[in-house]
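Hello,

Here is the structure I promised to pass on to you, with the sequence alongside. Please look through both before reading the notes that follow.

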Amino acid sequence: MIAPIEGFSKLSKEAKISWIAKHYTHNSEQTLELLQQYWNKDAQLQKLHDEFIENTITNFYLPFGIAPNFLINDRLYAIPMAIEESSVVAAASKAAKFWLSRGGFKTTILGTEKVGQVHFMYTGDAEKLAQFFSALKPQLLANVASITKNMEKRGGGISGIELRNKTAELENYYQLHCTFETMNAMGANFINSCLEVFAKTLKAEAQNYPAFTDQEKDIEIVMSILSNNVPNCVVRAEVSCAVNDLKPQDAASSLEFAKKMVRAVNIAKVEPFRAVTHNKGIMNGIDAVVLATGNDFRAIEAGAHAYASKDGKYTSLTHASIEDDQFKFWIEIPLAIGTVGGLTNLHPLVKVALEILQNPTAKELMEIVAVAGLAQNFAAVKSLVTTGIQQGHMKMHLLNILNQLGATEAEKQTLVNHFKKNTASHSAVVTAFEALRNNV
Ligand code: MEV
């Protein structure tokens, strides 16, 4: 059995690798070589990445691709995406091109409100607590003035503090439910710093509140933390065109296609098993841009899925309709993201991604990200209701399989050509590869 290690974080990078390779891999020499192969030759750049997290031993690459031709609010964008799944960038690019000649994407910001909460326990009279809170509110704001000053200069700050009585759900449980505007920042540090001051103020002032009994004075702070559930930090993105413009050469099949799209979206609306996969496809586009622009994709995922179940049942994040011969396809999604702070100022590739996007404000980035999600979903559902997903997916996955099989460049070229005319499946690729290699 491997013994636990003390002080791993204090070891040098080389020593960490030696330890891990020796104890957890079967060929430590090879592991060491491979991990070092992924180090950046530029020591300073490598150090920057090493310091993003603790215990870095190497870098983990993801492809950084571009989906061009996105017309968003009459401005043309090339969208950077960081993602490993073969078909995502291709699908986004295809959808972008499809809508480029049909008016492009239009977006609206529905809100930018962020949320944070101080969770606490109070044993006593709820009415007295409400009175205490009313009296305390100006002081809560005054005590965070040094933190909020700069944010207020930029037009943001605290937009509300509310006392919420949650005792019907959990005995003695109350919260300060706070809302914030954080402008171009995602705002996590700003929000959490304000909340921790609120919590301290609340606890200290309760002890001095004359109307409280001793028990009431003893407020217990449980935790102070932002919420990734941001139902009022939402962007809407949509595409629309005359049904006949979907397939201009063929009016009948245009209408049939539009109906199939609407039906598929409606299935995702009523059937959670489908909705989860439908939304996963949306997140393929969303996460890829969120990651490339240095934002926190786990926060976005959590918020998006909460939003998808906000009415009590998990449902589709996109919608589709045919009205007055117009086909309309849209998404509404919460996106608490930023273009300043965090990794955005640190990761050189993030800086490039933001530059490619013409240095957007946080609101503009919300619009771009929502469009990437909508485009991805349009492409996926279009394939699903027409050719099926595997044709395009396997075409993109083909190179992965050939690489796994150790195909040479010449063999890859021959087989890529072969599968332009033939249906690719894993076994079909293996068979064709073996036939080529063995000259059959
Ligand atoms: C695969 O990553 C995503 C899809 O399954 C999405 C969908 O089914 O809508 C193709």
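The C-alpha centres of domain 1 and domain 2 lie 38 Å apart, where the domain bounds come from an automatic or database domain assignment. That assignment gives domain 1 as 8-50, domain 2 as 64-110 together with 234-387, domain 3 as 114-227 and domain 4 as 393-437.

Before going further, please keep in mind that this is a predicted model, in which local features need pLDDT of at least 70 and side-chain atom pairs count only at pLDDT 80 or more, while totals for chains, interfaces and linings use all residues. Residues are numbered from 1 along each chain as its sequence is written, and side-chain values use heavy atoms, with hydrogens and water left out.

Taken as a whole, the chain has 16 helices and 10 strands, these being DSSP runs numbered from the N terminus (H or I of at least four residues for helices, E of at least two for strands). Its C-alpha trace spans about 90 × 70 × 40 Å along the principal axes. Of its 440 residues, 43% count as buried, a word that here means under 20% relative accessible area, computed with a 1.4 Å probe and with protein chains only, whereas exposed means over 50% and partly exposed lies in between. Among the contacts in the chain with a separation of 6 or more, 70% are between residues 24 or more positions apart, a contact being heavy atoms within 4.5 Å.

Setting aside neighbours within four places in sequence, Thr 293 is in contact with Thr 344, Val 350, Ala 353, Leu 354, Leu 357 and Leu 365.

Glu 411, by comparison, belongs to helix α15, which covers residues 409-421. Is Glu 411 buried or exposed? Glu 411 is buried, because its relative accessible area is 12%. The side chain of Glu 411 reaches the backbone nitrogen of Thr 408 at 2.8 Å, and, not counting residues up to four places away in sequence, Glu 411 touches Gly 406, Phe 433, Leu 436 and Arg 437.

Note on methods
Polar contact = N/O pair within 3.5 Å; in protein donor to acceptor, adjacent residues only side chain to side chain.
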